[in-house]
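Have the viewer open while you go through them.

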Amino acid sequence: MPRIPIAAGNWKMHFGPRQAEEFAHLLRTNLVTLVGVEVVIFPPFLSIPATQVAVQGSNISLGAQNCADQPGGAYTGEVSATMVAECCRWVILGHSERRGYYGETNAIVNRKIRQAILAGLRPIICVGERLEQREAKQTSIVIEDQINACLSEIANDEIERVVFAYEPIWAIGTGRAATSQDATDVIDLIRALVTLRFGTAAGEAIRILYGGSVTAQNIGEFILSPTIDGALVGGASLKPEFVDIARAIAEAKRP
Ligand code: PEP
């Protein structure tokens, strides 16, 4: 079974409800005929309902950028996975900005994965190394630790709902993307780790994205790699350029 590629747009803390609705309309209009790629956008929580109205009935899905690690209750400022699941199919977990700025450890990410899966969401789980780790040739060990930590949280019948994103931290928002070969090597490693734990079928089926300074100019290099199943896009997902990225992914992966 060929893996359906994904064009995911992480809007981060951009676009309030009004702007989000406007931009989602633009995406909808320009992507209306596009097939062969799953397009998923991740607005800030507050902008999700307006975006939902704009993309309803279209080929664009919605996700949240985070969810709580607890099912509900007295956790001021948090949004539970079940609340997210009322509006969205997807959630990004373990993004390096959350790990780095908000102290999310593997243990916290694991609790969030559990909540997301219980709520029926599809998590995009991000992993990636820091620049000094890459320079010290520790990339494989860092990725192995992150992947094995979160795989322990996922059961055999749940792995098919999970997507991984390899996002080297030094490439996020810096304009300095990884090379397609470096991304391929790490994504092959992630696939091997999934295979080791869940078997060949799961390893072949799991979708793994590259993220880090993806643009309409460089997406072609990444998507040519048979093991890279699409992109998690930050900065360029805030511009009409995201339409070109989604189209390029669909085109390159057409069977
Ligand atoms: C991201 O936020 O996941 C990301 C990859 O950002 P950018 O594309 O801006 O590097």
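**Notes on the strands, rings and pockets**

1. Start with β1: Ile6, Ala8 and Asn10 point one way, Ala7 and Gly9 point the other way, and all are buried. Buried here means under 20% relative accessible area, with exposed over 50% and partly exposed in between (1.4 Å probe, protein chains only). Strand β1 covers residues 6–10, and five of its five residues are buried. Strands (E, at least two residues) and helices (H or I, at least four) are DSSP runs, numbered from the N terminus.

2. A word on the model before going on. It is a predicted one: local features need pLDDT of at least 70, side-chain atom pairs count only at pLDDT 80 or more, and totals for chains, interfaces and linings use all residues. Residues are numbered from 1 along each chain as its sequence is written, and side-chain values use heavy atoms, with hydrogens and water left out.

3. What does β1 pair with? Strand β2 (residues 38–42) runs parallel to β1, joined to it by five bridges; two strands pair if DSSP finds at least two bridges between them. Within that pairing, glycine 9 stands opposite isoleucine 41 of β2. β1 also pairs with β8 in the parallel sense, over four bridges, and there alanine 7 has alanine 231 as its bridge partner.

4. Strand β8 (residues 230–233) is covered on both faces, with Gly230 and Leu232 on one side, Ala231 and Val233 on the other, and all of them buried. β7 pairs with β8 too, again parallel, over two bridges. Look at alanine 231 here: this residue is the bridge partner of tyrosine 210 as well as of alanine 7.

5. Now phenylalanine 15, in the loop between β1 and α1 (17–31). Its phi is near 75 degrees, a positive value in a residue other than glycine. Most residues other than glycine have a negative phi. Phenylalanine 15 has a relative accessible area of 15%, so it counts as buried.

6. Serine 213 is another one to check, with phi near 55 degrees, also positive in a residue other than glycine. It sits in the loop between β7 (207–211) and α10 (219–223). With a relative accessible area of 17%, serine 213 is buried.

7. On to the rings: a search of the whole structure finds six aromatic pairs. Phenylalanine 15 and phenylalanine 23 make a tilted pair, 5.3 Å centre to centre with 50 degrees between the planes. Rings of Phe, Tyr and Trp (its six-membered ring) pair if their centres lie within 6.5 Å; planes under 30 degrees apart count as stacked, over 60 as edge-to-face and the rest as tilted. Both phenylalanine 15 and phenylalanine 23 are buried. Tyrosine 101 and tyrosine 102 form an edge-to-face pair because their planes are at 85 degrees, with the ring centres 6.5 Å apart; both of these tyrosines are exposed.

8. Trp11, Phe15 and Phe23 are linked into a cluster by ring pairs. Arginine 122 lies over the face of tryptophan 90, at 5.8 Å from the ring centre (a charge sits over a ring if NZ of Lys or CZ of Arg is within 6 Å of the ring centre and within 35 degrees of the ring normal).

9. The largest pocket holds about 490 Å³ of space. A pocket is an open set of points on a 1 Å grid over the protein atoms alone, where a 1.4 Å probe fits, with protein on both sides within 12 Å along at least five of seven lines; lining residues have an atom within 4 Å of a point. Grid points are joined across faces, edges and corners, and the volume is the space filled by probe spheres set on the points. There are 18 lining residues, with Lys12, Met13, Gln65, Arg98 and Tyr102 nearest the centre. Helix α4 (residues 96–101) gives the most to this lining, with three residues.

10. The second largest pocket has about 370 Å³ of space. Its lining has 16 residues, and Pro2, Arg3, Ala205, Ile206 and Arg207 lie nearest the centre. Helix α9 (residues 200–205) gives the most here, with four residues.
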